[in-house]
Structure formats: C-alpha cells, structure tokens
Amino acid sequence: MFKLNRLRNEGPAYAVFKVFNALIMILIIVITLFPYLNVLAKALNDGQDTMRGGITLWPRVPTFENFRILLSDPAIYKALFVTIARVVLVTLLGIMVQFMTAYALTRKLKGTAVFNVIFLIPMFISGGIIPLYMLYSKIGLLDNFWVYIWPGLFTFYNVIVIRSYIETSISESIIEAAQIDGISEMKLFFSIILPLSKPILATVALWIMVNNWNDWTTTLYFIEKADLHTLQYKLMQAVKETERMTALIQEAIESGGDVEGLMKSLKVTTESMTSAQIIVVTIPIIMVYPFIQKYFTEGITLGAVKG
C-alpha cells in the first residue's frame, strides 16, 4: 500500500505506469477479439470468395447469405431446442446437486472423509469410453435425451470449489445461530447458504452452462437419432464437411478435375457457413456472461482459497 501511494504521489512515474497498463490491456483485448472478428468477417463474406483466403477483420464480398441459409434449415432449430433444454436442465439440477453435496461435506459428519476419497478417485481414474458406452446401454441412456442430463449433474471439482467457498466465506457462527433457533437443515440451506453464495453460484453456473453448451462428443458417442442432435454437433458436422470438400477441391486442382463444379457444390459447406454457425452458437453465452461477470471474479477467487 505504501509503495502504491508513493507511486501516485510521484506523478510522472504513475502516469507512465498508467500508459503502459493501458497499452497492455489494449494488446490483450486485440489478441482476444481478433479471432472472433476474423470469424465474423468470414461469416459475412461470400462463401466461394472466402475459399481464396485473405479475410482478416472485414468481409471482402459482404453478404448475409450464409446466415440466411443457416437459419432456413429446420434441423438447426431442433438442435437449438435440444441444446437449450439440456443447458437449462443440467445447470439448474447440477447446481442443486453440487451445492447440496458441498454443504454436506462442510458439516464434518461421520464418514465425510470416506466420501471425499470416493468422489476424488474418478477425477483421476476413468474406465474410458467403451465401459461408459456399455453402462449407458445397460441403463437405457443410448439414444435418450437424458444421456445429456444425468451424467452432467455431478462434478467433484465444482464441489471442491463450492465447499471451499462455504468454509471460508460463510461464518460458522451464522449457521450455529440459525440451528439454535431451531431451523431445519433444508431451510438453513435454502434460506442462508444459497443466498450467501451468489458469487460462487454464478461462477459454477457459468462453468456448467459453457461446458454443456460447447459439448458435442456426447452426441457423437451416444446419440444416433437426428432429432436429438445438438447445435454443436451440427457445427462439427459442417466443419468435417468443409474439410472433406476442401480436400476434394485440392485433389481436383492437382489432377485437373472439375474444380468449378465442386466450387458450386460448396454453397452451404464453405468456411463462411462454418463461421456463421460459430457466431450463432457463441452469441447466447456472450449475452449471458455480462449478467454474471460481477460475481465471477469474487466467486472463483474465494472458492479457490483452499481445496
């Protein structure tokens, strides 16, 4: 504190510090925004023109055709509905399961240490995809919407962070006073613990939302029904199709094949279409983040004090 006050009193030195701090922040912002702006420029550029390369921060041949074609596909809306339903259910149910588990682990009940070990082992030891596929097959989760929900309700890493937050940020005296007044455990949890845990609540909710919004491997491994495909899985399919068509064009160029015909067939599978899908699937998370950003830093900082 003394050094900071001294720096402020020195005038010119503090002015130089502010200039360099601003420059570093601007550099970080540019590095962070450039990839997204580059994708946005490709999304707003003509598909066949994008194949030529050279798109940076603005479209060379501006068009909304990519978004029009993308949003005219009924499968996109089905995938969007599945993704939103998945994110909402997993976030709400996952928050409750993980917060209740974390709170129970803070109560120092008999056997708590055993449960900590049981929960910790799967973080480091996993059976892999094949045993998981066999398990889901036995319990009827294959080609089932609930395969998106039940496995995602519990993440012990989140439980550790929540438990640390409760232990370091909520005074034990508050809990003891409530218990003396005769409050039940459930009422204590919903009336005191949850309201006092808004920062970590928002932080863990954001983690769960982003993780489930971006996931496409669950669909790849366990879902065959097209009606249960997620938005990110559709994006992955578009990316793979773009790679396949690009390889065909390269092969046609080398062998003197029908390059013009292949280019025409790229109307809905170009890099611009993929970029348009990326923009569409990232907008919801970008819109949600500002509402919980004020809690994010406090929640992750206090929740990581000890584990």
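Among contacts in the protein chain between residues at least 6 apart in sequence, 73% join residues at least 24 apart, a contact being defined by heavy atoms within 4.5 Å. The model is predicted: local features need pLDDT of at least 70, side-chain atom pairs count only at pLDDT 80 or more, and totals for chains, interfaces and linings use all residues. Residues are numbered from 1 along each chain as its sequence is written, and side-chain values use heavy atoms, with hydrogens and water left out.

The secondary structure of the protein chain consists of 15 helices and 0 strands; helices (H or I, at least four residues) and strands (E, at least two) are DSSP runs, numbered from the N terminus. Of the 307 residues in the protein chain, 35% are buried. Here, buried denotes under 20% relative accessible area, exposed over 50%, and partly exposed the range in between, with a 1.4 Å probe and protein chains only. The accessible surface of the chain amounts to about 18300 Å², and 68% of this surface belongs to carbon and sulfur atoms. Such areas come from the Shrake-Rupley method with a 1.4 Å probe; for residues, only the protein chains shown count as cover.

Helix α5 spans residues 74-106 and comprises 33 residues. The distance from its first C-alpha to its last is 48 Å, close to the 48 Å expected at 1.5 Å a residue, where the expected span is 1.5 Å times one less than the number of residues in the helix. α5 is followed by Lys108, which has a positive phi, near 55 degrees. Asp143, which is not a glycine, likewise has a positive phi, of about 55 degrees. Most residues other than glycine have a negative phi. Asp143 is placed in the loop between α7 (129-138) and α8, and it counts as partly exposed because its relative accessibility is 23%.

Helix α8 (residues 156-169) has 14 residues and reaches 20 Å from its first C-alpha to its last, close to the 20 Å expected at 1.5 Å a residue. This helix is mostly covered, with 10 of its 14 residues buried. The buried residues of α8 include Phe156, Asn158, Arg163 and Tyr165, together with Val159, Ile160, Val161 and Ile162.

Two packing contacts of α8 were examined. With helix α6 (residues 112-124), α8 packs at an angle of about 130 degrees, the axes being 9 Å apart. Axes are lines fitted to C-alpha atoms, for helices over the stretch in contact, and angles run from 0 to 180 degrees between N-to-C directions. The arrangement makes α6 oblique to α8, since angles under 35 degrees count as roughly parallel, over 145 as roughly antiparallel, 65 to 115 as roughly perpendicular and the rest as oblique. On the α6 side, Asn116, Phe119, Leu120 and Met123 meet Phe156, Tyr157, Ile160 and Arg163 of α8. By class, the residues of this contact are 6 nonpolar, 1 polar and 1 charged; Ala, Val, Leu, Ile, Met, Phe, Trp, Tyr, Cys and Pro count as nonpolar, Asp, Glu, Lys and Arg as charged, and the others, Gly among them, as polar.

With helix α11 (residues 198-214), α8 packs at an angle of about 170 degrees, and the axes are 10 Å apart. α8 and α11 are therefore roughly antiparallel to each other. Tyr157, Asn158, Val161, Ile162 and Tyr165 of α8 form the contact with Pro199, Ile200, Val204, Trp207 and Ile208 of α11. The contact of α8 with α11 comprises 9 nonpolar residues, 1 polar residue and no charged residues.

Several residue pairs separated along the chain were also characterised. Ile175, located in helix α9 (residues 172-180), counts as buried at 2% relative accessibility. Leaving aside neighbours within four places in sequence, Ile175 is in contact with Tyr103, Arg107, Ile170, Leu188 and Ile193. Ile175 and Ile192 are 17 residues apart in sequence, with 8.0 Å between their C-alpha atoms.

Ile69 belongs to helix α4 (residues 65-71) and is buried, at 12% relative accessibility. Tyr289, in helix α15 (residues 271-303), is partly exposed, with a relative accessible area of 33%. Tyr289 and Leu206 are 83 residues apart in sequence and 7.7 Å apart in space, C-alpha to C-alpha.
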